[in-house]
Amino acid sequence: MPMWFILSGYFFDAKKNTKYYILKKMKELLAPYIFFALMYELLWTFMGNSQWSGIIWPNTVQVPLNGALWFLPAMFVVNVVSFLLLKYTPWVIAVIIITIISFAGSLHVVSLPFSADSAMVGIGFFLIGHLLRKYGAKVLKLKIGYSVIGFILNTILKFINGYVNVRLNQYANIVLFWVNAVVGTVVFWNIARWMEHKATLSIFQEIGRQSLLYVCLNQFIIALLSYVPISGGIAAVVWKVMEVWIVITVCFWLNRLLAKTPFKK
C-alpha cells in the first residue's frame, strides 16, 4: 500500500485547480467507497448482521466482506491534505508539517474516522514520491542487476521486520517499515521499467487499469469462493492459485461490461 501513496506523490501537480482536484478525487475515491461499502453493509445486514458504524469508524476496519475498501478514503485524505500543504504552504514548512504528521501516524497516537489515521503515514509517502520525482532520477533508472539485488535485500528486511498492516496501523519496527516501503517501491519501479516493452507487461497493464475494481471486489469474490469445498494439501495450494485467476477474470469482464454503461468513468 505505501507504494501507491508514493506513486500519487510522484505524479503530484501543484498547477491543478484546487476545486477541480478535490472534486475529481471525491468522484474517483469517495464515490466508489460509499457505493461498495453501503452495498456490502446491506448484504451483511441481509445475512443477519449489522455494524453500520464500520463505514466511518473505527478506521473502516469493520466494513464487512471487503476490508480492502479502507484504502479509498485513506487515499483521498492523503491526496487532498498533501495537495493543499504542498500547493499553499512554503516548501520547508510543508515538509516539517508532513514529517510531524507522518511520525505521529507511525506511532498511531490517535484513531480517526475514514482511515485518516492510516492516511497520516500515507502523507509522508506522498512527500517521498514528490521528492523522488524532483531529485530521484538516478535511483529510478537502475540497471536490472541492481534491482534484483535490491529485491532480495528488501525481501530479507521485510522478514526481519515482521508483520505489517497499514490498515490496522501495525508497523513493527518503524524504521525498517519506512526503509522497506521506499526501497521496495524503487525496486518495483525499476523492474516495471525493465518490463516496459516485454510481451507479458500487457497483462499487468490491464490489471493496473482495473485496480479500482480489484480493491472494491477482490476480497468479496474470494469470500464467495471460500464456500467451495476444498481439501487440504496440494489441492488447497492449487485452489489458491486458481482464486487469483478467477478474481482477475471476473474483474476483467466486469470492467468490459461497465465500459458500456454510465459507470465507465
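A: Fine. F36 lies in helix α2, residues 18–46; helices here are DSSP runs of H or I with at least four residues, strands are runs of E with at least two, and both are numbered from the N terminus. This is a predicted model, so local features need pLDDT of at least 70 and side-chain atom pairs count only at pLDDT 80 or more, while totals for chains, interfaces and linings use all residues. Residues are numbered from 1 along each chain as its sequence is written, and side-chain values use heavy atoms, with hydrogens and water left out.

Q: Is F36 buried or exposed?

A: F36 counts as buried, because its relative accessibility is 13%. Buried means under 20% relative accessible area, exposed over 50%, and partly exposed in between, with a 1.4 Å probe and protein chains only.

Q: What does F36 touch?

A: Not counting residues up to four places away in sequence, F36 touches L69, C216 and L217; contact means heavy atoms within 4.5 Å. F36 and L69 are 33 residues apart along the chain, and their C-alpha atoms are separated by 8.1 Å.

Q: Which residues touch the most other members of the largest nonpolar core?

A: L69, L72, L86, F125 and F177 do, out of 53 residues in that core. A nonpolar core is a set of buried Ala, Val, Leu, Ile, Met, Phe, Trp, Tyr and Cys residues joined through side-chain atoms within 4.5 Å. The largest share of this core, 11 residues, comes from α3.

Q: And what is L72 in contact with?

A: Leaving aside neighbours within four places in sequence, L72 contacts L29, P32, Y33, L212, V215 and C216.

Q: New topic. How do the axes of α2 and α3 cross?

A: They come within 8 Å and cross at roughly 170°. Axes are lines fitted to C-alpha atoms, for helices over the stretch in contact, and angles run from 0 to 180 degrees between N-to-C directions. The crossing therefore makes α2 roughly antiparallel to α3; the cut-offs are under 35 degrees for roughly parallel, over 145 for roughly antiparallel, 65 to 115 for roughly perpendicular, and oblique for the rest.

Q: Last one, α4. Which of its residues are buried?

A: A94, I98, S102, A104, G105 and S106. What covers them includes α3 (71–88), α5 (116–135) and α7 (174–194). Just after α4, H108 takes a positive phi of about 50°.
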